[in-house]
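Trainee: I'd like to take a close look at one part of this protein with you. Could you walk me through it slowly and then show me how the rest looks?

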Amino acid sequence: MDEKPNLFKRIFLNFFRVINISRKVIINLIFFGILVLFIASISNDKNTIIVENNSALILDLNGDIVEQKQQVDPIEAFMNEALGQSEENPEVLLADIIKVIKSATTDNRITTLILKLDKLNRSGLTKMSIISDELEAFKATGKQIIAIGENFTQDQYYLASYANEIWLDPNGWLILDGYGSYQLYYKSAIEKLAITPYIFRVGTYKSAVEPYMRDDMSPQAKEANQLWLNDLWIHYKTNVATQRGFDISNFDENAETLISKLEAVNGDIAQYALNNSWVDELKSRHDVETSLKARLGVSDTSDTYTSINFRDYLSTLNLAFPMPHAVNTDKVAIVVAKGTILNGTQKTGTIGGDSTAKLLQQAREDDNVKAVVLRVDSPGGSAFASEIIRQEVELLKQAGKPVVASMGTYAASGGYWISAPADKIYAAPTTITGSIGIFGLMMTFENALSKLGVFTDGVGTTEFAGFSPTRPLSEGVSKIIQMNVNKGYQDFITLVAENRNMTLEQVDAIAQGRVWSGTKAKELGLVDELGGLEDAINEAATLAKLADFDTWLIEKELSPKDLFMKNVFGQATALLPSSIITLSPLEKSIAKLKSELEHLSYLNDPKSTYTLCISCEID
């Protein structure tokens, strides 16, 4: 008797399920139809970007220059820009900058490059050196570069020094303060908060854990940091002095000299910059506009000169929907390892042990890939994740595919771990590398919680059962962790010794967690050659005996939905004005504290063992 009603019930439910699915499909089709029409309406012929003849390209870079952008939700980014909300951490892709300058170099419509760098944030000397090479190639064609600024930070000025002329606002600021490595230290704060730190490390110079065990930088860390900072500063001074045509003695490195020069101009920073040959002319905004009109042959009565900004020019070079890489051709694959090394699968812009290894595996399993360049821009992180990636590098070599490591701004600690097994290692002179050492870090809060009247107690079947941050670490567990850290260090120096044709004693002498510049690392045998990404690609092709090849950047594949969203909203976002947050010095200090504490919380090695260079961050 129940069978017939149940049959009708199933038919009834299936009927409405079909209706519900159809409803969702129709609504989505309508939504995306309207969305496509909207995108088409804002990118119609009236808004088509045209590069006119006798144009100036304004290189107005906004944010940090990075090797690989952090993955963000394209809809969220679009809505933020559409509503005029500032992007919290804007980023500019190094490859995009290179693409724009290279194209402008051969583009007859572009006659002048204007460097407007006031929104450029941290870049790193290595990335700026890559960009400066392209600026020199641009000037070599006879085209002019003019740098304009109301103020110049040290990074901004490095690029500005490659201009034919530098114009500073009469009320502007330009003082070069050199390089420094300054960290926050928490020992007293940890004691006041009754937090118990457990620190395990190997290496005299492994200073990553010092902020949790000291209130100042150790003499050993100061010695090591001063050496590589000096190398970077000499590189900076030499290149700037060469471009500006003066001696490096022109740099004012002590307060007495600087003050005497400022006293001579009654404290006028802009006039000091002019007298010291940092800039060529002092010009107000109106003066800059008038001068640029004259340079570009525009009548003074005209509203402005013809120009195109960085983002608009880039959009003329990028395809709306990227084409797949060419098939059936020999390739040198490029895998970017940028950011802190974390365990598991991570978003683009951060190195995941599993996700980065998967990209290397993809290169290994593709028959058209004959060699691989691993582009490393990382201060390290999880020792376990670093080892997972290293194993994939070894498998590539076993498959007969040469691997060349190309070091960017950083390739230290875990960044060096994943680079060491490569057939060849290339570094820039200013790369921060080495830091061959291991540490473990845990904190427990039993004392802090006891002040609140919160306690932990119970029973377990072993001495190790029930470990948690609310209980003190037993002596036995502490010894086990220290033994694991010791083994990790031994594994690290063994890895380096075997791949760099050195003895354990030789590696240990230059390891101990010590950081080196790329120039010094080559002298010590930690890298093979000084050069950039192009040099590494050519070397990989040579090792694979390729006369003709394509390059293929292997990145995490987006789902069809994510790819559609990225292309649709990415194209729309490019038409919106850029924005940036300007932080006060106090806000920057607070942001740094927040960033360091967040960084600690992200570390997720299963054994709490890390090969990470925290002191590699420079100010």
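Trainee: Let's start with Glu-498: does Glu-498 count as buried or exposed, and what is its relative accessibility?

Mentor: Before we start, keep in mind that this is a predicted model. Now, your residue: Glu-498 has a relative accessibility of 61%, and the cut-off for exposed is over 50%, so Glu-498 counts as exposed. You'll find Glu-498 in helix α16, which covers residues 475-500.

Take the contacts between residues at least 6 apart in sequence: 78% of them join residues at least 24 apart. The chain itself has 619 residues, and 46% of them are buried. As for its secondary structure, count 21 helices and 22 strands.

Stay around α16 for a moment and move on to Asn-501, in the loop between α16 and α17 (504-510). With 73% relative accessibility, Asn-501 counts as exposed. Asn-54 also has a positive phi, about 55 degrees, although it is not a glycine. This one belongs to the loop between α1 (3-42) and β1 (55-59). Its relative accessibility is 35%, so Asn-54 counts as partly exposed.

Next, have a look at how two helices pack. Two packed helices are described by the angle between their axes and the distance between the axes. For α3 (residues 94-106) and α4 (residues 125-140), the angle is about 5 degrees and the axes are 9 Å apart. Angles under 35 degrees count as roughly parallel, and α3 and α4 are therefore roughly parallel to each other. On the α3 side, the residues in contact include Leu-94, Ile-97, Ile-98 and Ile-101, and on the α4 side they include Ile-130, Ile-131, Leu-135 and Phe-138. The residues of this contact divide into 10 nonpolar, 1 polar and 3 charged.

Now for the rings. A pair of aromatic rings is described by the distance of the centres and the angle of the planes. The structure holds 13 aromatic pairs. One of them is Phe-152 with Tyr-157, an edge-to-face pair with 6.3 Å from centre to centre and 75 degrees between the planes. Both Phe-152 and Tyr-157 are buried. Compare that with Tyr-186 and Tyr-212: their ring centres are 5.5 Å apart and their planes are at 25 degrees, so this pair is stacked. It also links distant parts of the chain, since Tyr-186 is in the loop between β6 (165-173) and α6 (187-192), while Tyr-212 is in the loop between β7 (196-202) and α7 (219-244), 26 residues apart. Tyr-186 and Tyr-212 are both buried as well.

Phe-152 and Tyr-157 also belong to a cluster linked by ring pairs, and among its other members are Tyr-158, Tyr-162, Trp-233, Tyr-236 and Trp-278. To finish, find Trp-167: Lys-283 lies over the face of that ring, at 4.9 Å from the ring centre.

How values were computed. Residues numbered from 1 in each chain as written. Predicted model: local features only at pLDDT ≥ 70, side-chain atom pairs only at ≥ 80, totals over all residues. Heavy atoms only, no water. Axes fitted to C-alpha atoms, helices over the stretch in contact; angles between N-to-C directions. Helix = DSSP H or I, 4+ residues; strand = E, 2+ residues; numbered from the N terminus. Parallel < 35°, antiparallel > 145°, perpendicular 65-115°, else oblique. Contact = heavy atoms within 4.5 Å. Nonpolar A, V, L, I, M, F, W, Y, C, P; charged D, E, K, R; others polar. Phe/Tyr/Trp six-rings, centres within 6.5 Å; stacked < 30°, edge-to-face > 60°. Buried < 20%, exposed > 50% of the residue type's maximum accessible area, 1.4 Å probe, protein only. Lys NZ or Arg CZ within 6 Å of the ring centre and 35° of its normal.
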